Amino acid sequence: SVREIQNLTLAAASHLESANVKAILIACNIATTAALHLVQEKLSIPVVGIRPAIIQAFKSHKTGIILMLATEATTKLPSYQALQESLSQPNVVKDIGCSADIVRNVESGIRDDAIYMEILDRVLKPYHNTVVDGIVLGCTHYPFIETAVKKYAKEHNIQTWQPIYCS
């Protein structure tokens, strides 16, 4: 839940502050989106976070759509939705909420593209034979599946895309 993410993020950041770090980077989209403001309010050191790269993807947008692959939780958070709505054409970005299986598999060290291809098929099937200007890998775990994403796009004629990583 959002509350759980906020509590865990604040606890981790507080621990780091007590260890006398000079600044904190929250290198997770969901933690940034859910808890950055709370951590910044509570801590006395600088705290920054990351956001999905939909703005960068939108700037390179031509005629196709942009697929935003992220955890379901990220795509549902009001702060992410506000970021998307800030674009002049927010409907160009299609949110693809992926199951937590990708994160669990990456954290378990699984690098078998075939496993990820099955997961990708569940969420990307509607975009077969579609012109896509960019695929945003909107979770810091997703660059680990870049080869699977490229392979899937090629095999299913998801045309003219270039991966854009979270920033």
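**A walk through the model**

Trainee: Let's start with A70: is it buried or exposed?
Mentor: This is a predicted model, and here the relative accessible area of A70 comes to 0%. Buried means under 20%, so A70 counts as buried.

Trainee: Where is A70 found, and which residues is it in contact with beyond its neighbours within four places in sequence?
Mentor: A70 belongs to strand β3. Once the neighbours within four places in sequence are left aside, its contacts are T75, I96, G97, C98, G138 and Y142.

Trainee: And where is S86, and is S86 buried or exposed?
Mentor: S86 sits in the loop between α5 (78-85) and β4 (93-98). Its relative accessible area is 52%. The cut-off for exposed is over 50%, so S86 is exposed.

Trainee: What separates the C-alpha atoms of S86 and I55?
Mentor: Good one to check in the viewer. Along the chain, S86 and I55 are 31 residues apart.

Trainee: Which residues of helix α8 are buried, and what puts them on the same side?
Mentor: In α8 (residues 146-155), the buried residues are A148, V149, Y152 and A153. They lie on the same side of the helix because, around the axis, they cover an arc of only 130 degrees. In general, residues three or four places apart in an α-helix point the same way, because there are 3.6 residues a turn.

Trainee: Which element gives the largest share of the lining of the largest pocket?
Mentor: About 220 Å³ of space lies in this pocket, and of its 16 lining residues the closest to the centre are I30, T71, A73, V103 and C139. Two elements give two or more residues to that lining, α2 (29-42) and α4 (72-76). The largest share, three residues, comes from α4.

Trainee: Where in the chain is confidence lowest?
Mentor: The chain averages a pLDDT of 89, and 95% of the residues score at least 70. Strand β1 (residues 24-26) has the highest confidence, at 96. Where pLDDT is low, the predicted coordinates should not be read in detail. The lowest mean, 61, belongs to strand β6 (residues 163-165).

Terms used: Residues are numbered from 1 along each chain as its sequence is written. This is a predicted model: local features need pLDDT of at least 70, side-chain atom pairs count only at pLDDT 80 or more; totals for chains, interfaces and linings use all residues. Side-chain values use heavy atoms; hydrogens and water are left out. On a 1 Å grid over the protein atoms alone, a cavity is a set of points where a 1.4 Å probe fits but cannot get out, and a pocket is an open set with protein on both sides within 12 Å along at least five of seven lines; lining residues have an atom within 4 Å of a point. Grid points are joined across faces, edges and corners, and a volume is the space filled by probe spheres set on the points. Buried means under 20% relative accessible area, exposed over 50%, partly exposed in between (1.4 Å probe, protein chains only). The arc is that of the directions from the helix axis to the C-beta atoms. pLDDT is the predictor's confidence in each residue, from 0 to 100. Contact means heavy atoms within 4.5 Å.
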